[in-house]
Amino acid sequence: MRLCHSVEGSTAGKGGIAQVAARAKKREAPKTRAKRRASRTRLTRAQIEEMFARFEALDPDPRTELEYRDPFTLLVAVVLSAQATDVSVNRVTPALFEAADTPEKMVALGEEAVSERIKTIGLFRNKAKNVIALSRKLVAEHDGKVPARREALEALPGVGRKTANVVLNVAFGQPTIAIDTHIFRVSNRTGLAPGKTPLEVEHTLERVIPEQYKLHAHHWLILHGRYVCKARKPECWRCHIRDLCAFKQKVEAPA
């Protein structure tokens, strides 16, 4: 992936990574430190700015790895991706969307036919039920269109806050942040937004991430967690934000 780079070539090269981190911490005023503690981040504003500047430099236009055609097919793909990998979802959605790429066609296809097409992913029966139910509701209450409002999205069967945030961000260009396991882990491990619940982490990220980076922050953090800051063994030796990260048990490269 494009985010899998070492610190060489990033903005950290200006004076050395240790010097960049030291300067960022030194520039912080007492009032800023108090504000940082209140927002539950362990990083300084300068460190956070530097972190997202590096993400942007490495991947200016990050995209979801789910395959979709429009807001409706994106919504379905995200619902199917719960407790499943994007890769497994991408294996089943081409055939599903070939048969039904609108709410009306999905309702006509029926729950059993949807189940048959998605049976290789986890919880497929319940997901098929939700896909049909949300399709019916879109037809009945939204003229077959996916709404661009959080409350309306969360009122759809099988759609929670995380799914709504993904759709708002990817389909409608809103600067929302959907907290999945990768973002939750990266936010806590790096000290960017420590929290005990996804909602707590989401609110902190909304407060501390600079406005100019919020639109793509969701994808940068997901991709970083998926390919570099992995759950069992983070690959710190090739992490481009290593010097900014508050994680103390840095993992060195295998011998």
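Modeller: The expected span of a helix is 1.5 Å times one less than its number of residues. Bear in mind that this is a predicted model.

Colleague: What span does α8 reach, and what is expected of it?

Modeller: Helix α8 (124-142) has 19 residues. From its first C-alpha to its last it reaches 25 Å, close to the expected 27 Å. Just after α8 comes Asp143, with a positive phi of about 55°.

Colleague: Which residues of α8 are called buried?

Modeller: Buried means under 20% relative accessible area. In α8 that applies to Lys127, Ala128, Asn130, Val131, Ile132, Leu134, Ser135, Leu138 and His142. These buried residues pack against α4, α6 (103-109), α7 (111-117) and α9 (150-154).

Colleague: What makes the largest nonpolar core a core, and which residues have the most contacts inside it?

Modeller: A set of buried nonpolar residues counts as a core because their side-chain atoms join them within 4.5 Å. The largest such set has 33 residues, and Leu75 and Met106 have the most contacts inside it. The elements that give two or more residues to this core are α4 (71-80), α5, α8 and α10. Helix α4 gives the most, with 8 residues. Apart from this core lies another, of 27 residues, including Ile48, Val201, Leu205 and Ala246.

Colleague: Which residues does Met106 touch, leaving out those up to four places away in sequence?

Modeller: Met106 touches Phe72, Val76, Leu96, Ala100, Val114, Val131, Ile132 and Ser135. Two of these, Val131 and Ser135, are among the buried residues of α8.

Colleague: Why is Asn165 called buried?

Modeller: The relative accessible area of Asn165 is 0%, and the cut-off for buried is under 20%, so Asn165 is buried. Asn165 has its place in helix α10. Not counting residues up to four places away in sequence, Asn165 touches Arg150, Thr176, Ile177, Ala178 and Glu202. Asn165 and His218 are 53 residues apart in sequence, and their C-alpha atoms are 9.4 Å apart in space.

Colleague: And Arg42: buried, partly exposed or exposed?

Modeller: Partly exposed. Its relative accessible area is 44%, and that class runs between the 20% and 50% cut-offs, so Arg42 belongs there. Arg42 is found in the loop between α2 (30-38) and α3 (45-58). From Arg42 to Thr190 is 148 residues in sequence and 8.2 Å in space, C-alpha to C-alpha.

Colleague: How do you know that α11 is largely enclosed by the rest of the structure?

Modeller: Of the 10 residues of α11, 7 are buried, so the helix is largely enclosed. The buried residues are His182, Ile183, Arg185, Val186, Ser187, Arg189 and Thr190. What covers them includes α12 (198-208) and α13.

Colleague: What makes one space a pocket and another a cavity?

Modeller: A 1.4 Å probe fits in a cavity but cannot get out, whereas a pocket is an open set of points. The search of the whole structure finds 1 cavity of 30 Å³ or more. The largest cavity has a volume of about 90 Å³. It has 14 lining residues, and the closest to its centre are His224, Cys229, Cys236, Cys239 and Cys245. By class, its lining has 8 nonpolar, 2 polar and 4 charged residues.

Colleague: And the largest pocket: what is its volume, and which residues are closest to its centre?

Modeller: The largest pocket has a volume of about 490 Å³. There are 24 lining residues, and the closest to the centre are Ala84, Asp86, Asp180, His182 and Arg226. Elements that give two or more residues to the lining are α5 (86-99), α10 (161-170), α11 (181-190) and α13 (214-227). Of these, α13 gives the most, with 6 residues. By class, the lining has 10 nonpolar, 8 polar and 6 charged residues. One of the residues closest to the centre, His182, is also on the list of buried residues in α11.

Colleague: How many helices and strands does the protein have?

Modeller: There are 13 helices and 0 strands. Of the 255 residues, 50% count as buried. Among contacts with a separation of 6 or more, 61% are between residues 24 or more positions apart.

Notes
Residues are numbered from 1 along each chain as its sequence is written. This is a predicted model: local features need pLDDT of at least 70, side-chain atom pairs count only at pLDDT 80 or more; totals for chains, interfaces and linings use all residues. Side-chain values use heavy atoms; hydrogens and water are left out. On a 1 Å grid over the protein atoms alone, a cavity is a set of points where a 1.4 Å probe fits but cannot get out, and a pocket is an open set with protein on both sides within 12 Å along at least five of seven lines; lining residues have an atom within 4 Å of a point. Grid points are joined across faces, edges and corners, and a volume is the space filled by probe spheres set on the points. Helices (H or I, at least four residues) and strands (E, at least two) are DSSP runs, numbered from the N terminus. Ala, Val, Leu, Ile, Met, Phe, Trp, Tyr, Cys and Pro count as nonpolar, Asp, Glu, Lys and Arg as charged, and the others, Gly among them, as polar. Buried means under 20% relative accessible area, exposed over 50%, partly exposed in between (1.4 Å probe, protein chains only). Contact means heavy atoms within 4.5 Å.
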